[in-house]
Amino acid sequence: MRDSEEPSNKRVKPVVKSNSLTGVITPVKTPALKRIGQSISRSISFRTEARPLPPAALRPRTKASSFPRRRNSQCWSDTVESHDLTAKEIKRQEVIYELTQGERQLIDDLSLVKKVYYEPMLKLDILTESERGQIFGTLDSLIPLHQDLLSRLERLRGSEKTVGQVGPTLMDWFPCLEAYVTYCCNQVGAKALLDQKKQEKRVEHFLRLCQESSFSRKLDLWNFLDLPRSRLVKYPLLLKEIQKCTPPEHPDEDSLPDALDIIQSIVAEVNKKTGEAECQFYRRCLAYIEDSQRLQEIQLSRFLYCHGELKNNKGQRLHVFLFELALVLSRPTEDKDGGQVFHVYRQPLPNYLINLEEIPDGEPGGGGSFRGAFTGGNDKVKNCFRVSSRGRSKAHPYSLQANDSFSKQQWITCLRRAIVQSRDRTSLSSQSQLCLPPDPILCHIADLSLSSDTDLADHNSR
């Protein structure tokens, strides 16, 4: 028997289906709202590259905490002694109960953050008032918002602990989630500032003590601050599950699709605004060595396709940003206050001028543009691709290496999409410039001067 094989008499716990929707498959595309959450568990990828606090040994405590270490995984069927419902209706009640319990748990967690983190930081003067406001954002205002939904859902439960119609309640409450635009847009800067403050011994010591406490469930502060975002993106999933379990002719048949449209539009709006805030934040963090690096395409970009760490052909670690209209390579560093700064490396590339070349694994790595840096002592390269510019003398070709094959494919997918969309945009802009402007005399005669000028300006801006 090989060492890697497990003994045949090992007990294996059977796999069972769960009523929880936590394991729902995530979409392939990674919107800005989701990328913010991924910064918790991934150290490199298409989001902020800060890492959570490393696990530390728990200290023995003489007094047990009043907060449970783990969540109670109780289901709806555990709360009733008997029922006469179909399997489909039981499933519907389970999902509605999960929605209700999720609200209760979120309220408990947000209240915990306020009591354990925010208020002690205020009393101990660990952070300034401005720093607390930036890190915690509008979190305090979210607690009564979710308390409102919880009370509404609890009022819907009948004497037999079942919920009949839930659609109108959700339709009426979902517009309140527009408050998440402000909270989620603030998270990009909040995460960066929190990581910066963790470098201070006093802050790091306080956060570690909290993380080691039993009430934290081994989560750090950022895990808790990210809970509202993860809750927001779960509402459409829960609603779709309720809709699947709702039979025809049910009172919710007409209201659930409308409620789903409302929450999906709110999530899309929050994601759009979060992407814009993320793009603006990292644009401000760029430090240019030469004025020629300040491409107009960088300033006009409204969002980021992705960003993360890559190696160049010299083995240097770079932080690469794929903006809407430009690719920027940078070297990350810190300013005098410990804030993150990205010094622009060489010449950025407008996306519409990029040529992308995927380098197959196994291509000889010695000499040439690779200089042997990618091989790590071997003769073959892995997870590499090359970008170059069409017709730009100052822009050198860049050979880049990702950490693994998955990251490489994500970069290539995003680059291809960015190139196509940027070239389409450039083509449309060129076609619009070929159109003759309207004759001002004729426009004056037709009394259409103002509207024509406005429409033309709007068209060119697109």
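Asp361 is partly exposed, with a relative accessible area of 44%, where partly exposed denotes the range between buried (under 20% relative accessible area) and exposed (over 50%), computed with a 1.4 Å probe on protein chains only. Salt bridges that share partners place Asp361 in one network with Glu358, Lys408 and Arg416, a salt bridge being a side-chain nitrogen of Lys or Arg within 4 Å of a carboxyl oxygen of Asp or Glu. This is a predicted model, in which local features need pLDDT of at least 70 and side-chain atom pairs count only at pLDDT 80 or more, while totals for chains, interfaces and linings use all residues. Residues are numbered from 1 along each chain as its sequence is written, and side-chain values use heavy atoms, with hydrogens and water left out.

Lys408, at 4% relative accessibility, counts as buried.

The chain has 25 salt bridges by this rule. Among them, Glu200 pairs with Lys197, their closest N and O atoms lying 2.6 Å apart; Glu200 is partly exposed at 35%, whereas Lys197 is buried at 7%. In the salt bridge between Asp226 and Arg229, the corresponding distance is 2.8 Å, and both residues are buried.

Overall, the chain contains 15 helices and 9 strands, and buried residues make up 43% of its 462 residues.

Key. Helices (H or I, at least four residues) and strands (E, at least two) are DSSP runs, numbered from the N terminus.
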